[in-house]
Amino acid sequence: MAKQGKCSNFGNCSKADQGQIINHVAGQSFECPECGFHLIEINQGNGKKWLIIGVLVVLLGAGALAAFLITPASDPAPASVQAALPPPSPIGNCTLLPVRKTAAPNWYAAIEIGGRGIKPLALKFNSQLEPEDAYPLDTQNVNATDQNNLPEVVDAVCQDINTFHEQYGDLPIYLIASSAFNGDEKKPQREEMQNVLVEKFHLPFEAVDVKCETHYTLESILAPPISLKHTVQSNQLTELLPQKRRCQAALLDIGSGNIKGGYYTHCDKDKLPEKAVSCSSQTAYALNEPNQYHYYEIPHLGTTEFAKQAKETATDKAIPFTEAIGQVRRNLDDKLSRQIDIHPYLTNNKDDKRLYLVGGAVWAMNTLLCLDCPQYDDRSKTDNQNRYTTLKLSDIAEFHRAVNTPNNALCDIENNPYLALDLDTKKTSPLSGERKRAQQEAITKVCNIFKPDTDLVAAAEILQATVNGMHIDGQRPLFFMQDNLYTWSRQYLIEKVTQGKP
């Protein structure tokens, strides 16, 4: 008997949303004919169950949006009707708990799944569809790009969903995979993860590509601030820069799997870029078109991937890790040079161009060198309530020197020399009290995520390679966005709600 399947690509495929039974044609791939997503095989007779699930997902999504658009923010939310919970997945140990609270009006949540952890964020929108409050949860440090970690990913997502339900009731929640899952080689893992998560939680899932992620990040940096009414734990949502910076801004995001960024070309300071130029538009724009967004990517050479390649090279060729780092660095230099040829804007050190740096590598350097400590009061700034650190080329050189020094004390919370040292004046000003404890906790977090003898070395090498390749001179301002964990997921939610997609 011919196989039958169901597409689980809810929210992105009409066949999934409608619960259609798809008859497999012998000799063809077992994929959805509409979206190409791998089908979940079903037994004969299960079609009605899938149809009910598909229709329920569509109705719930439509109902949530209608309630949001029609009900004023001040009106109490109607009593939520809790749908039957899906059967437990054999992957993961966490149980999705019943929702016992009335849905809080106008709250939406996104759970980002990436190489450096699971990052959950909830936003509240006012009646003008503007974000007015934010509630980020602590990041769960699970490397979702490692296929062996799928059970931990499922549990982390489950725990975050339960927390959001406890806080806000049955609010709309989106599962979004970062660009670390891009590429044909990641497709089977991405689709397996999507199948498992959608089957267990019945929530919309979307894999965001590089253009989307970088566009969301830069737009979030440039967007108006959100007033944070909630007291959040260790993480603060990025409070963002004024619109006047748009024409000056370029983004460099050093992720765990890739290096990426974006910028606007021929930006008119008196005319903002069209909002229609968003990640949902896949049109390629000529580099001479005004007010258009462009992005770049160097895949498979982010911090984790760089370190992994160096370790494999060292093992395969029986050479020291430091020598292997140099070989991978030459590969990065070559790929960066090709991107510079395509995007000469990245080397523009004139016209007040500003380079905004985000990502784990920059965060590690900023933390371990204590660049936002009190001795650098002239470097730590606030612009529209955003905290950012002014960086210097000498900081990157010092970080590179430090991580390559044998037996360095960067991860020693008691003896890290930069806790007291001002690199600008060479004077010492020891930290004390709560400020010292907070910095020691930050150092511990960095060194739990980045292995000192491999990942930190890779991070320093990437930083040095990118500033050299972009011909950054001492005149071009460099800024590290200190609270950048939720930049792109924040903008993702804003775009979904304002474009009426929830």
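This is a chat about the main features of a predicted model.

Visitor: Okay, I'm new here. What does the secondary structure of the chain come to?

Guide: Keep in mind that the model is predicted. The chain has twelve helices and 15 strands.

Visitor: And how much of the chain counts as buried?

Guide: Of its 502 residues, 53% are buried. The accessible surface comes to about 22100 Å², and carbon and sulfur atoms account for 51% of that.

Visitor: What about contacts in the chain between residues at least 6 apart in sequence?

Guide: Among those contacts, 74% join residues at least 24 apart.

Visitor: Let's talk sheets. In what order do the five strands of the open sheet come?

Guide: The order is 6-5-4-7-8, with mixed pairing. From one strand to the next, the twist averages 25 degrees.

Visitor: Which strands stand at the edges?

Guide: Strand 6 and strand 8 (205-207) do. Each has a single partner strand, so one side of each is left without a neighbour in the sheet.

Visitor: Which helices pack on that sheet?

Guide: Helix 3 (residues 150-168) is one of them, and it touches strand 4, strand 5, strand 6 and strand 7 (173-177). Its direction makes about 20 degrees with that of strand 5. Helix 12 (residues 487-498) packs on the sheet too, touching strand 4, strand 5, strand 6, strand 7 and strand 8. For helix 12, the angle with the direction of strand 5 is about 40 degrees.

Visitor: Strand 5 keeps coming up. Is it mostly covered or mostly uncovered?

Guide: Mostly covered: strand 5 spans residues 117-125, and eight of its nine residues are buried.

Visitor: How does strand 4 run relative to strand 5?

Guide: They run antiparallel, with eight bridges joining strand 4 (residues 107-114) to strand 5. A hairpin connects the two through two residues.

Visitor: What sits between strand 5 and strand 6?

Guide: The two form a hairpin with five residues between them. In that turn, Leu129 has a positive phi of about 60 degrees.

Visitor: Switching topic: which residues touch the most other members of the largest nonpolar core?

Guide: Phe399 and Leu463 do, in a core of 61 residues. Helix 11 (residues 455-469) gives this core its largest share, nine residues.

Visitor: Which residues is Phe399 in contact with?

Guide: Leaving aside neighbours within four places in sequence, Phe399 contacts Ala361, Met365, Leu368, Leu369, Leu456, Ala459, Ala460 and Leu463.

Visitor: What does the second, separate core include?

Guide: That one has 33 residues, including Ala109, Val157, Leu171 and Leu197.

Methods:
Residues are numbered from 1 along each chain as its sequence is written. This is a predicted model: local features need pLDDT of at least 70, side-chain atom pairs count only at pLDDT 80 or more; totals for chains, interfaces and linings use all residues. Side-chain values use heavy atoms; hydrogens and water are left out. Buried means under 20% relative accessible area, exposed over 50%, partly exposed in between (1.4 Å probe, protein chains only). Helices (H or I, at least four residues) and strands (E, at least two) are DSSP runs, numbered from the N terminus. Two strands pair if DSSP finds at least two bridges between them. Contact means heavy atoms within 4.5 Å. Accessible areas come from the Shrake-Rupley method with a 1.4 Å probe; for residues, only the protein chains shown count as cover. A nonpolar core is a set of buried Ala, Val, Leu, Ile, Met, Phe, Trp, Tyr and Cys residues joined through side-chain atoms within 4.5 Å. Axes are lines fitted to C-alpha atoms, for helices over the stretch in contact, and angles run from 0 to 180 degrees between N-to-C directions.
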